[in-house]
Amino acid sequence: MHNSPYVILDSLFMATLFDSGKSQEAMRRSLKRKQVTPDSVLVCAINKDKHWFFVRLQNRTITVFDSMAKDTDYYQRKYSIFRNIISFSSWFYGGDGFRVEVNQNYPQQKNGFDCGIFMTFGIKDLIRNYENAWTFKQIDCNYKRIQMTW
């Protein structure tokens with residue numbers, strides 16, 4: 001068994017997790033099935049407005065990894081999901097005081113259609129601890145797309 005602190009939550013899980021009708025007990029059961037503990041580092045895939053990016057929840061910080069990055073306030077204003085993530089974090093980890101930050105070193109795409117590739121390989125690099133030395137950039141996208149089909 002791999003003892004990684006990372007737990008990846010897909011976009012469907014995220015959408016259903018924040019379903020307004022879901023009780024805290026139902027959320028707790030869903031997270032237990034995914035083996036999420038308060039020591040887990042949560043990585044959440046998000047698709048909003050036909051754009052893929054991901055966030056990491058760790059140490060009372062929600063870090064945005066976006067290949068078309070904007071400033072921190074943009075995410076909090078534009079996407080209600082951040083209010084949900086902050087609410088979830090407060091409930092799951094206990095307390096308030098979560099901050100949102102944008103990873104400024106994350107590779108940036110130069111077109112409007114490679115966000116899924118950037119997100120997929122960004123998560124892969126993150127869980128392999130390559131956050132400070134990302135292993136991909138725009139020029140690699142065609143090759144990465146082929147890699148994904150093998």
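The following legends describe close-up views of a predicted model.

**View 1. Aspartate 66, a buried acidic residue without a salt bridge.** Aspartate 66 is found in the loop that runs between β4 (61-65) and α3 (72-78). Lysine 70 is the nearest side chain of opposite charge, at 6.5 Å; a salt bridge would require the nitrogen and oxygen atoms to lie within 4 Å. The side chain of aspartate 66 instead reaches a backbone atom, the nitrogen of methionine 68, at 2.9 Å. Leaving aside residues up to four places away in sequence, aspartate 66 touches His51, Phe53, Tyr75, Tyr106, Pro107 and Gln108.

**View 2. The ring pair of phenylalanine 65 and tyrosine 106.** In the whole structure, 8 aromatic pairs are found. In the pair shown here, the ring centres of phenylalanine 65 and tyrosine 106 are 5.8 Å apart and the planes stand at 75°, so the arrangement is edge-to-face. Phenylalanine 65 belongs to strand β4, whereas tyrosine 106 sits in the loop between β5 (99-102) and α5 (115-127); the pair therefore ties together parts that are 41 residues apart in sequence. Both phenylalanine 65 and tyrosine 106 are buried.

**View 3. The ring pair of tyrosine 106 and phenylalanine 136.** Tyrosine 106 also pairs with phenylalanine 136, with ring centres 6.1 Å apart and planes at 75°, so this pair is edge-to-face. Phenylalanine 136 lies in the loop between α5 and α6 (141-149) and tyrosine 106 in the loop between β5 and α5, so the pair ties together parts 30 residues apart in sequence. The relative accessible area is 4% for tyrosine 106, which is buried, and 5% for phenylalanine 136, which is buried as well. Ring pairs join Phe65, Tyr106 and Phe136 with Phe54, Phe118 and Trp134 in a cluster.

**View 4. The salt bridge between glutamate 131 and arginine 56.** The structure contains 3 salt bridges. In the one shown here, the closest N and O atoms of glutamate 131 and arginine 56 are 2.6 Å apart. Glutamate 131 is in the loop between α5 and α6 and arginine 56 in strand β3 (residues 51-58), so that distant parts of the chain, 75 residues apart, are linked. Arginine 56 is buried, its relative accessible area being 9%.

**View 5. The salt bridges of arginine 99 with glutamate 101 and of aspartate 114 with arginine 145.** Arginine 99 and glutamate 101 meet through their side chains at 2.8 Å, N to O. Arginine 99 is partly exposed at 49% relative accessibility, and glutamate 101 is partly exposed with a relative accessible area of 26%. For aspartate 114 and arginine 145, the N to O distance is 2.3 Å. Because aspartate 114 lies in the loop between β5 and α5 and arginine 145 in helix α6, this pair ties together parts 31 residues apart in sequence. Aspartate 114 is buried, with a relative accessible area of 2%, whereas arginine 145 is partly exposed, at 30%.

View 6. Cysteine 44 is buried, with a relative accessible area of 1%, and cysteine 141 counts as buried at 3% relative accessibility.

Notes
Residues numbered from 1 in each chain as written. Predicted model: local features only at pLDDT ≥ 70, side-chain atom pairs only at ≥ 80, totals over all residues. Heavy atoms only, no water. Helix = DSSP H or I, 4+ residues; strand = E, 2+ residues; numbered from the N terminus. Buried < 20%, exposed > 50% of the residue type's maximum accessible area, 1.4 Å probe, protein only. Lys, Arg positive; Asp, Glu negative; His and termini not counted. Polar contact = N/O pair within 3.5 Å; in protein donor to acceptor, adjacent residues only side chain to side chain. Contact = heavy atoms within 4.5 Å. Phe/Tyr/Trp six-rings, centres within 6.5 Å; stacked < 30°, edge-to-face > 60°.
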